[in-house]
Amino acid sequence: MGYWTPVHDSHSPIQSFNMRTKIIAGNWKMNGDREDALSLATEIMGIVADEYMGESEIILFPPFVHIQGVARLVENTRIKVGAQDCSAHKQGAYTGEVAASMLKSVGANYVLIGHSERRSYFNESSADLSAKIHQALDAGLKVIYCVGETLAQRQSGDHFEIIQSQLSECLYHFSADLMCHVVIAYEPVWAIGTGATATTDQAQEMHSFIRKSISNHFGADVAETIRILYGGSCNENNAQSLFSMADIDGGLIGGASLKSRSFVNILKCS
Ligand code: PGA
């Protein structure tokens, strides 16, 4: 894989955290008709080509029906496309569902799994999420697996335990080899769409906890290479300080990804 760089090689004894290529991903959620999606992608593509010289990976997550159009538009550019969800089933009589292999066939490279809106509004269980991750990896998609605690869970001091169980229930039965296709997004539920961003210290503390947990389970090499994104009211004003933290490898951006200028300004902070 392009981003799967060895942690150790004979020339550089230890590669530090900053060797991980950052990711800036735009989660468009259920917004925009075809024309809106294509013009947003066109604008982003234009500004990126003119103004962005950095190395970060850029991924757009349009609604299902716009994936193919956006993927065609950004073909041969550095921008990648993903889906916001996929089915837990491979194929068959599941009316309304979209299989991971179908997403791959229309140009998606990535899929978001376990976004808190899917967990809470659609009651997606750990078993569902685990099955979706399995289908996605099987179809050759990379997964951005989202975890995050609610405000009540943080206030009661249960946040580390919650994140640990979201990781272990859905991810820890996969092999370490598959982890090069997985990115984690830490998105505290209380920060999503609320304007209440986690402080850089709160975010770094949880990212570091996640990386330690990954290290304990999969080993240090996987932990040092896996990307962990922050999501939740990330914007042009707070992106720089969040992305400068040792264990924050970029962002999953919701609201601010719907404006090309804000999205690229956030990208420039990475
Ligand atoms: P937000 O959403 O940036 O609007 O808070 C982030 C997300 O839900 O992925």
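## Terms and model

Helices (H or I, at least four residues) and strands (E, at least two) are DSSP runs, numbered from the N terminus. This is a predicted model: local features need pLDDT of at least 70, side-chain atom pairs need 80 or more, and totals for chains, interfaces and linings use all residues. Residues are numbered from 1 along each chain as its sequence is written, and side-chain values use heavy atoms, without hydrogens or water.

## Largest pocket

The largest pocket has a volume of about 410 Å³. A pocket is an open set of points on a 1 Å grid over the protein atoms alone, where a 1.4 Å probe fits, with protein on both sides within 12 Å along at least five of seven lines. Volume is the space filled by probe spheres set on the points, joined across faces, edges and corners.

Lining residues (an atom within 4 Å of a point) number 18 here, and Met-30, Gln-84, Asp-85, Arg-118 and Phe-122 are the closest to the centre. Helix α4 (residues 116-121) gives the most, with three residues.

## Second largest pocket

This pocket holds about 290 Å³. Its lining has 19 residues; Ser-116, Arg-119, Gly-148, Gln-166 and Val-189 lie nearest its centre. α4 again gives the most, here five residues. β5 (142-147) and α7 (159-170) each supply at least two.

## Helix α7
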